[in-house]
Amino acid sequence: INHWKDFVYARLVALSFMILLSVVLMRWLGKLLGPYALVCLCTWLWFCPNLKANAPTILPDVGAVATGVVACYMFWLYWKTPSWEQMLACGVGLGFALLSKLTWLSAILSLPATLCLCLLLFRESRSKRSVAMTARHVFCILVLALAVVHVGYLFEDSVVPIRQYEFVSQVLGGTEATMANPGNRFKEGWLGMLPVPVPKNFILG
């Protein structure tokens, strides 16, 4: 009984992310797949027992899915109508996705690579944009996404050199690295002076 508020609050947070996800799906997939597919998808979304009961207990999956879909939607809007405003929306959306779960770290490469691939495959799109403009926008998107991550961590241990990290794996920590005695094989070399462009706790988890 003493923890019922935590129990309810966790599900309210998950509920807010599900509402966000539903709104984005209605605006995005409703245009692509039609109303029938959208009704089936939203029905599964709102009545799935894993999303309603299990996910809010300890896992960030609901928030990660919602922010990830928002980021993909922002990139899709940018592809349809490239502009600086849409570029800013892509950067912010990607930054929130990175904050939600480390799994979205792959989106730093996959989403910009998808833009570049579409630019090469669809010739009619080249009338709206150039390769140079897309490259500039992709660079700004990545910088803005990293800035959002730093703001999310309140700039705690931002841009820390690699030598200040401690690893338990032998690949990064050295042959003698263990859970009880972590190490850093880059501590003595020039690689140890290189700064990591994300907060330290973002890497450590």
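So, the crossing of H4 and H6: this one is right-handed, where right-handed means the near helix is turned clockwise from the far one by less than a right angle, and left-handed means anticlockwise. When I say helix, I mean a DSSP run of H or I with at least four residues, numbered from the N terminus. Quick caveat: this is a predicted model, where local features need pLDDT of at least 70, side-chain atom pairs count only at pLDDT 80 or more, and totals for chains, interfaces and linings use all residues. Residues are numbered from 1 along each chain as its sequence is written, and side-chain values use heavy atoms, with hydrogens and water left out.

Okay, back to our pair. H4 covers residues 61–80 and H6 covers residues 107–121, and their axes come within 11 Å and cross at roughly 25°. Axes here are lines fitted to C-alpha atoms over the stretch in contact, with angles from 0 to 180 degrees between N-to-C directions. H4 and H6 are therefore roughly parallel; that label takes angles under 35 degrees, over 145 is roughly antiparallel, 65 to 115 roughly perpendicular, and the rest oblique.

Who touches whom? On the H4 side, Cys72, Phe75, Tyr78 and Trp79 make the contact, and on the H6 side Leu111, Pro112, Leu115, Cys118 and Leu119. Contact means heavy atoms within 4.5 Å. By class, that's nine nonpolar, no polar and no charged. Nonpolar covers Ala, Val, Leu, Ile, Met, Phe, Trp, Tyr, Cys and Pro; charged is Asp, Glu, Lys and Arg; the others, Gly among them, are polar.

The crossing of H5 and H7 is right-handed.

Last stop, a pocket. Which residues line the second largest pocket? Trp28, Cys72, Phe75, Trp76, Trp79, Leu111, Thr114, Leu115 and Cys118. H4 and H6 each supply at least two of the lining residues, and the lining has eight nonpolar, one polar and no charged residues.

Notes
On a 1 Å grid over the protein atoms alone, a cavity is a set of points where a 1.4 Å probe fits but cannot get out, and a pocket is an open set with protein on both sides within 12 Å along at least five of seven lines; lining residues have an atom within 4 Å of a point.
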